[in-house]
Every structure is written in structure tokens, then in C-alpha cells.
Amino acid sequence: MAGGIGSRFWPMSTKETPKQFLDILGTGQTMIQQTVKRFGDIMPMENVFIVTSKNYKAIIQEQLPGISDSQVLLEPCMRNTAPCIAYAAYKIYKRNPEANIVVAPSDHLITDETGFQDVIKKGLSFTSNNEALLTLGIHPHRPETGYGYIQAAEAYQEGINQVAAFKEKPELETAKHYLAEGSFFWNAGIFLWSAKAIKASLEAHLPELATIFAKGNEVYDTDAEQAYIDEAFPTCENISVDYGIMERAGNIYVMPADFGWSDLGTWGSLWEKRDCDNEGNAVVGDHVHLVECKNSIVTIPNGRKVLLQGLDDFIVTEANGVFMVCKKEDEQRIKEFQAMVNH
């Protein structure tokens, strides 16, 4: 899934070039390039599908030259994750009704690649033998209020549990309770299921959505596919797969895992994953000088000379003609700041 606009990473991430197409960690690879590479040892590249906005077709072609146009599913508008997943599921089902599917966001960080691949392989083995909808739950390391949670019920088999409940992003005290209780896991938004299982769930819980993509069956992988999607996709309900399917279906399972995952959804989460100096500062930029600064994240274009003094817990970034300095604790206000600048 690569259709998001990464608004919380403004001004680096913009609608024209959102964070999945940026090298925000300074690795030499963009987030989507890292994601596709991660699956290279799990499945052949011809089995990778990218669902994204029509606006990003050229970026995909540039950054992923090994992905053919037929593997890029272009949405004419944003309609959340359920229509995105349904489109891919019905197209895959037409090609191979026995297919197993992994759904993964294109802009997440995973530091333990081998551990991730082992988990995915185990999950695919489970979904190939069970009509189950499986989600990955990340062992929480702190009382995080920025993630949704999955509450695990009794073990179904070793390493896989039935799901007791999905929980919205909690207040701090609730997050502390989740951490202490031990059966709550971060919802990573990574799903595994067979094409048959997700198709049946869509028909049962989102029948109107299922009908739209079932009608497209005769045009998938033909020259008429895009025209049909351009017409039909805007009529889809704007709904997430979590709300539309996962919170309604009965055959929901969670596999607790830990492979160095972060959704890199905020500047604060990026600061946690970048290398820091002795004062806790994470700096990208070859002419950045810090004096009496602590626990700050600074991202400045190479060649730009910057001196910062006395900052503690700040975000400092320059990108796309915007220079921003704000407190890390106020990063949830970035959309508000963006609106002020663009007014």
C-alpha cells in the first residue's frame, strides 16, 4: 500500500512526494524501495503489487524499475485501506484463486529483516492451511499513545492467538495499563490471508465494496482495467480494513512478533530510530553545528550552514522551501502549521 500522503512528516513529505518515496533515514534507499527489497527473499518480484495514487505512477516507475506497469494498481482518489485491499485481492484472485496474500504499508521501518521474513513465512503457512485473517501484533516497548492496539485472546496454536479486541489509540494511562497487562500488542497494519479468505470476508462484511470489484473481474489485466477503476473507485465507501473487516469478522488471529518495527509516523518516531550524539541529537546535514542542544532532530539539506543553540526536544527541518522549528511534544500540530504556511 503506497497511496498515503505522509502529512505528519511535512515539510519533507508533501502530496507531490510523500514519505514512502523519500530516503528519510539516509540509507540511500527510499522507504518503498526498502519495502520491496524486504520481500525479495519471500516471493518472486512478479508477485509484488503496488497500490498507489495515479499521481505517483511516474515516481513508482523511476524508483522501482523492476516492477512492471501491470503490477502497479492506480487509484484515482483516496478511499482508505479497504477499497485498496479489495482491488488488489480481486485482481490477484482472478490470476490465482489459491494465492496467499501479504498486505504491507510501504513506509514502515523494519530493522530485523531476517526476523521479519521468518514471521511472514510462518504466517503464510498458517493462512494457507486455515481460512483465517491474520494480523501482526508488535510487542510494545513503551506506553505508546500513537498506535492502535490488538488484545490477544487464548492461544490458537503456538505463536498465534485469536483476537479478543481491537483498541483505538489510547490515553497515556490506558497505554501504561496495556503495557503492564501483557496481552496487548501494537497494531502494525500488516495482514496475511488467502485470496479466498479475504474475498469471502469482503462479501460478508462489505458487500457493496465486494460487488464493485467483482464486476471488474472481466477487465482485470486488460486495456479496459484502468477506465473501469477510474469510474468505479470513487463510488467506494471510504473505510479502513480494520473497521470494515477486522473488527467485524470472527476468524481473526494475531501473531505477536518483534522485528524492530516502527511506522515512522512522526518526527519523534524518526528521532528514536536515527543515530544520536552524546546529547541525544539526531542530525542529517553536513554543515549543522549544535551548541548546548539536547534530544533534538535536525534535518538540513547538505551545503546549508546552520548553527543552533540552546534547543531541547525540538524538530528542526528545511525542505521544499519551508524552514520549520517546533517542539517535539507539539508534532501532532504539524498539520495545523502546514495550513498556516499554505494559507
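Visitor: Does K19 count as buried or exposed?
Guide: The model is predicted: local features need pLDDT of at least 70, side-chain atom pairs count only at pLDDT 80 or more, and totals for chains, interfaces and linings use all residues. Residues are numbered from 1 along each chain as its sequence is written, and side-chain values use heavy atoms, with hydrogens and water left out. Buried means under 20% relative accessible area, exposed over 50% and partly exposed in between, with a 1.4 Å probe and protein chains only. K19 has 5% relative accessibility and therefore counts as buried.

Visitor: Which residues does K19 touch, not counting residues up to four places away in sequence?
Guide: K19 is found in the segment before α1 (31-38); helices are DSSP runs of H or I with at least four residues, strands are runs of E with at least two, and both are numbered from the N terminus. Contact means heavy atoms within 4.5 Å. With residues up to four places away in sequence left out, K19 touches G6, F9, S13, M31, D107, D263, L264 and G265.

Visitor: What is the omega of the peptide bond from W10 to P11?
Guide: P11 also lies in the segment before α1. Most peptide bonds are trans. The bond from W10 to P11 is cis, with omega near 5°.

Visitor: At what angle do α3 and α7 pack?
Guide: Axes are lines fitted to C-alpha atoms, for helices over the stretch in contact, and angles run from 0 to 180 degrees between N-to-C directions. Angles under 35 degrees count as roughly parallel, over 145 as roughly antiparallel, 65 to 115 as roughly perpendicular and the rest as oblique. α3 and α7 are therefore oblique to each other. Helix α3 (residues 81-95) and helix α7 (residues 207-215) have axes 9 Å apart and pack at an angle of about 40°.

Visitor: How many residues in the contact of α3 with α7 are nonpolar?
Guide: A82, P83, A86, Y87 and Y90 in α3 meet L209, A210, F213 and A214 in α7. Ala, Val, Leu, Ile, Met, Phe, Trp, Tyr, Cys and Pro count as nonpolar, Asp, Glu, Lys and Arg as charged, and the others, Gly among them, as polar. In the contact of α3 with α7, no residue is polar, none is charged, and the nonpolar count is nine.

Visitor: Is the crossing of α3 and α6 left-handed or right-handed?
Guide: α3 and helix α6 (residues 195-205) pack at an angle of about 130°, with axes 10 Å apart. That makes α3 oblique to α6. A crossing is left-handed if the near helix is turned anticlockwise from the far one by less than a right angle, and right-handed if clockwise. The crossing of α3 and α6 is left-handed.

Visitor: How many disulfides does the count come to?
Guide: A disulfide is a pair of cysteine sulfur atoms within 2.5 Å. By this rule the count comes to zero.

Visitor: What is the nearest cysteine sulfur to C236, and how many Å away?
Guide: C236, at 5% relative accessibility, counts as buried. C236 is in no disulfide, and the nearest cysteine sulfur is that of C77, at 7.7 Å.

Visitor: What phi does N80 have?
Guide: Most residues other than glycine have a negative phi. N80 is found in the loop between β2 (72-75) and α3, and is partly exposed, with a relative accessible area of 39%. Although N80 is not a glycine, its phi is positive, at about 70°.
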